[in-house]
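Here's a quick tour for anyone meeting this structure for the first time. Have a look at it, then read on.

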Amino acid sequence: MTIASVTQLVCFIALSLTLVLGSLGVVLLPNIVYSAFLLAGVFLSVAGLYLLLNASFIAAAQVLVYVGAVNVLILFAIMLVNKKEAMAEIPGLLLRRVLSGVVCLGLFLLILRVDLTTPWAVPGPTPLGDDSTVLIGIHLFSDYLLPFELASVLLLMAMIGAIVLARRDVFSSDVITGEAADQGLIEKERTPLLLESTAGETNLLEKV
Amino acid sequence: MITSWPALAVVGAGIDLQSSFTSTLEGFGLSQGTAHLLWLPLPMLLVLVAAVIGVLVNVWLERKISAAVQQRIGPEYAGALGVLQPMADGLKLLFKEDVIPHRADGLLFTLGPVLVLVPVILSWLVVPFGQNLLISDVGIGVFLWIALSSIQPIGLLMSGYASNNKYSLLGGLRAAAQSISYEIPLALAVLAVVMMSNSLSTVDIVNQQSGAGILSWNIWRQPVGFLIFWICALAECERLPFDLPEAEEELVAGYQTEYAGMKFALFYLGSYINLVLSALLVAVLYLGGWGFPFPVEWLAGALGQSVDAPLVQVITGSLGIVMTVLKAYLLVFIAILLRWTLPRVRIDQLLDLGWKFLLPIALVNLLVTAGLKLAFPAFFGG
């Protein structure tokens with residue numbers, strides 16, 4: 001048992017360190033790509049903490065959803081608009097940083113106070129282990145059915161909204177301003193390059 | 001007649017190497033914890049070695065089968081029938097200079113291939129070769145594999161970005177897009193199987209198929225799911241006809257363009273280990289895993305032997321390993337044959353196939369499986 005508990009402690013310390021340092025890196029690093037990659041590390045260490053809490057299903061879901069989908073999409077967006085240009089100088093940058101730092105510190109102190117004053121039940125409830133997968137399913141389809149379905153409707157709305165914003169050509173007028181949409185800007189007609197060039201050549205031949 | 005007589009699914013305790021190993025060590029006077037600690041690295045090392053040897057076999061098969069498809073002879077001089085050729089390839093890569101391109105991001109450039117390889121190797125955790133012949137029978141089983149395989153695109157994006165090369169970046173982006181698109185139908189196909197076996201654990205999925213030998217394999221109950229899974233697995237492994245991320249006519253070599261030496265070898269290793277892993281999982285999910293085409297229990301009964309006799313257990317265990325590997329390499333053979341006979345799809349065809357064809361079909365497959373499970377619980381694992 002001692003070996004198991006020592007391993008657990010070492011894993012906990014390592015995961016917490018990567019979590020805290022990684023999150024600081026996400027916020028503080030100037031390079032946005034590094035921040036995005038560090039975010040993946042943060043998500044992975046959160047999944048590791050779930051594993052330590054014997055919640056393997058949640059850990060795998062965390063990896064699948066946050067690392068595999070959310071983080072990859074963030075990276076995708078960053079790399080598709082990968083312009084290596086210096087950001088424009090913002091007036092009063094130092095003041096802004098100090099202010100946001102103060103706000104974050106205040107929030108941190110608040111959470112710390114809650115953490116220290118709450119009488120935590122130690123040790124916590126006994127973990128269910130592998131049975132938790134079945135229980136999560138039962139809860140999702142009984143007492144948590146409404147929030148579950150509401151979340152799916154919310155996601156559907158977000159998806160339709162994204163499609164509408166991305167494909168404005170389905171509307172004759174602009175959704176926001178109400179003016180007639182400039183269809184020419186939305187989708188340029190394909191210029192048949194090969195046909196044009198061959199047509200030009202025949203013209204040349206005719207001239208000759 | 002397709003059935004899964006649950007009453008006949010004799011699941012013996014099988015050989016438990018772990019408990020015998022630890023009890024032997026405890027017999028030498030070691031504590032239980034130390035014995036367990038000494039046991040832990042053994043299966044991991046064994047599986048790692050098995051994976052690497054699997055890759056060597058795979059490379060040799062790829063060379064020989066491609067040669068046969070193109071009516072050549074293929075490697076011939078390195079060992080009998082050229083079996084040592086993959087070793088030569090590997091040694092060559094090991095001794096090549098490790099080049100990091102000028103103005104590339106050194107840290108991300110190094111980390112990328114590692115992030116591609118590690119999740120693939122971790123996924124071998126759940127591949128069973130027998131009742132107790134796997135590293136860990138974790139409860140979330142195949143879900144762990146799906147989750148781990150979603151880490152890979154991050155490594156691909158990382159190496160594509162860090163190479164400071166347009167082709168690499170494009171290859172990385174393509175790899176990530178492809179991986180995300182095909183993960184969903186893949187997961188849905190797995191979900192149908194999981195629904196029939198009432199468990200995510202790979203061992204339970206195989207045991208559920210062990211009732212009547214070949215007749216109870218999932219491929220008869222999930223033919224559509226099998227095809228979806230196989231197509232998606234090929235796409236996830238970036239095998240032709242889906243090898244767009246490294247399409248050599250368009251992108252030089254995609255995200256691998258700037259890599260040389262051992263870092264390139266890591267990509268190479270990763271893709272082949274992934275192929276073997278996918279083939280093994282197809283065997284586990286649809287082809288009865290370690291099951292023999294007819295139940296071994298019947299054979300033992302016909303020969304008048306008890307299934308629990310030690311010698312019979314050793315024989316059935318070895319037979320299980322042989323069957324798993326045989327099924328996996330049959331699928332690898334099909335994958336290699338596909339690679340050397342089919343043309344590559346275009347990127348728009350790839351995305352159309354994934355989103356507009358496979359995803360709806362996978363959803364319908366899931367729905368039909370659920371309906372059949374409710375209607376015929378005896379045949380579809382009620």
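The second largest pocket holds about 2400 Å³ of space. In this predicted model, local features need pLDDT of at least 70 and side-chain atom pairs count only at pLDDT 80 or more, while totals for chains, interfaces and linings use all residues. Residues are numbered from 1 along each chain as its sequence is written, chains are lettered from A and ligands numbered from 1 in the order in which they are written, and side-chain values use heavy atoms, with hydrogens and water left out.

**The second largest pocket**
- A pocket here is an open set of points on a 1 Å grid over the protein atoms alone, where a 1.4 Å probe fits, with protein on both sides within 12 Å along at least five of seven lines; lining residues have an atom within 4 Å of a point.
- Its volume is the space filled by probe spheres set on the points, with grid points joined across faces, edges and corners.
- Of the 49 lining residues, A:Leu64, A:Val65, A:Phe148, B:Phe143 and B:Leu191 are the closest to the centre.
- At least two lining residues each come from α3 (56–80), α5 (132–140) and α6 (145–166) of chain A, and from α6 (141–149) and α8 of chain B; helices are DSSP runs (H or I, at least four residues), numbered from the N terminus.
- The largest share, 11 residues, belongs to α3(A).
- By type, the lining splits into 36 nonpolar, 8 polar and 5 charged residues (Ala, Val, Leu, Ile, Met, Phe, Trp, Tyr, Cys and Pro count as nonpolar, Asp, Glu, Lys and Arg as charged, and the others, Gly among them, as polar).

**Where the chains meet**
- Chain A and chain B each put 26 residues into the contact, meaning heavy atoms within 4.5 Å.
- Between them they bury about 2100 Å², 82% of it on carbon and sulfur atoms; buried area is the accessible area (1.4 Å probe) that two parts lose on being put together, summed over both.
- B:Phe143, B:Ile154 and B:Tyr161 supply 27% of the area chain B buries against chain A, more than any other three residues.

**Around α8 of chain B**
- B:Ser201 sits in the loop between α8 (166–197) and α9 (202–208), and it counts as buried because its relative accessibility is 3% (buried is under 20% relative accessible area, exposed over 50%, partly exposed in between, with a 1.4 Å probe and protein chains only).
- Beyond neighbours within four places in sequence, B:Ser201 contacts B:Asp137, B:Val138, B:Gly139 and B:Gly141.
- B:Asn198 is in the loop between α8 and α9 too; its phi is positive, about 60 degrees, although it isn't a glycine, and at 52% relative accessibility it is exposed.
- B:Asn164, in the loop between α7 (152–162) and α8, has a positive phi near 60 degrees and is partly exposed at 38%.

**Cysteines**
- Searching the whole structure turns up 0 disulfides over all chains (a disulfide is a pair of cysteine sulfur atoms within 2.5 Å).
- B:Cys232 is buried at 0% relative accessible area, and B:Cys237 is buried at 4%.

**B:Arg339**
- B:Arg339 is in helix α15 (residues 310–339) of chain B and is partly exposed at 28%.
- Its C-alpha lies 6.4 Å from that of B:Pro241, 98 residues apart along the chain.
- Leaving out residues up to four places away, B:Arg339 touches B:Glu62, B:Arg239, B:Leu240 and B:Tyr272.
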